[in-house]
Amino acid sequence: MTVEHLHRGPLSADEIAQVVARDIPAGSYVNLGIGQPTKVADHLDPTAGIVLHTENGMLGMGPAAVGDDIDTDLTNAGKVPVTERPGAAYFHHADSFAMMRGGHLDVCVLGAFQVSHHGDLANWQTDAADAIPAVGGAMDLAIGARETLVMMTLFAKDGSAKLVPSCTYPLTGLACVSRVYTELAMFQVGPAGAAVIETWGTSFAELAASLAIPLRRD
Amino acid sequence: MSRTRICEAADEAVVGIADGSTVLVSGFGLAGMPFDLIEALIRQGATDLTIVSNNAGNGEVGLAALLQAGRVRRVICSFPRQSDSYVFDGLYRAGKIELEVVPQGTLAERIRAGGAGIGAFFCPTGVGTSLAAGKETRDIDGRTYVLEYPIRGDAALIAAHRADEMGNLIYRKTARNFGPVMATAADTVIVQVGEIVPRGGLDPEAVVTPSIYVDRVVRTSARRLAARGAR
């Protein structure tokens, strides 16, 4: 049954990150994508034993480095200087991506331009004419992690929905997303379509009226 | 006497890289970027190069300087577009450079395959996307895979942390990135390090790249990023 939080407004970006963090099981190995997903790290329970993976070759990544801790040999996927946690490990790129493709990574959290209700993901390229294609690790992560979670706003700046019947932007991966976290609702997506699990500042009926996809209340 | 040659200077280390070569270049952004070898390659003059690297240069240093010098015909990389990749962006928009975008893990695995004697491999990454368009696919145990071919270089330019006189290498933190796979996949593997220690000076249990892969090593001064105005 959908949980509707009607006596409050939509989630802030930080609150979305907090809800994602809440849903990551203790002991998971997790990759957080560049941008908004990075915020999830701030809300993980430090006693839960969650280990952060960075695609450029590290498990046990700590927070961003400041001051004297900045080391140009130690960065995250966004090339931001970071720190290492006790128990960290380094490895080369082929190993780092074998961890994804090989199904060893429990969870990845990615941003998105669009997600289809069957879990297709578009997050690497807009259809802008002068866009320079740059995929990085997005395709490997999307299909590699055991569970791919998406964090995004539900509507684009032009008002169009980003949870769609079928992606119109170039695809990153097919049927790879299992849950979508937005400011208004958290959805489960997959072969059976979309179910609304939780809403904030809106109701199931309002969501159903504003999206072009069938919604279930599981 | 080791087969690996210890060079006196970076210029000596890049001798013989011919026009039209494919050159693998280590680094993820600026971490692990072989700045001194690239600068020596610019002085050496080789042109019409195909560069295989994760990115396509940052600012006007390292790979970006090689691009700016007009020596690169084609880039094979995963992520050319960055906040400070304006040298590449300009060349690309002017139609002066070719680009092949490869998913990052597929790039690493194609290089690994190149170094490991694998003829091709089936990879699940990119299935159903524009990057797999036109490629052969196969369903194996209910999952669809794309056929990917290996990448090898005529030369590899790699930055490692420390070598011994044999040519064994260790790396430092996330500056390791593409170095170990690239070291296996080129005809001439050229490495710059911050320090060269005597034979026996590296713990054999800790060696990441064994000497068999390494042709030339040169010691250059480590940690010069700040002095180059790089962010």
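Here are a few questions and answers on how chain B is described and how chain A touches chain B.

This is a predicted model, in which local features need pLDDT of at least 70 and side-chain atom pairs count only at pLDDT 80 or more, while totals for chains, interfaces and linings use all residues. Residues are numbered from 1 along each chain as its sequence is written, and chains are lettered from A and ligands numbered from 1 in the order in which they are written.

Q: Why does the radius of gyration of chain B agree with a compact globule?
A: The radius is taken over C-alpha atoms, and the globule rule is 2.2 Å times the number of residues to the power 0.38. For 231 residues that rule gives a value near 17 Å, and chain B has 18 Å, so the two agree.

Q: What makes a residue of chain B count as buried, and what percentage do?
A: A residue is buried if 20 or more other C-beta atoms lie within 10 Å of its own, with C-beta atoms placed from the backbone. In chain B, 53% of the 231 residues count as buried.

Q: What makes residues of chain A and chain B count as in contact, and how many do?
A: Two residues are in contact if their C-beta atoms, placed from the backbone, lie within 7 Å. By that rule, 31 residues of chain A are in contact with 37 residues of chain B. The largest share of chain A's side, 5 residues, comes from α2(A).

Q: Which residues is Met182(B) in contact with, leaving aside its neighbours within four places in sequence?
A: They are Leu24(B), Ser26(B), Ile111(B), Ala156(B) and Ile158(B).

Note on methods. A residue is buried if 20 or more other C-beta atoms lie within 10 Å of its own, exposed if 12 or fewer, and partly exposed in between; C-beta atoms are placed from the backbone. Helices (H or I, at least four residues) and strands (E, at least two) are DSSP runs, numbered from the N terminus.
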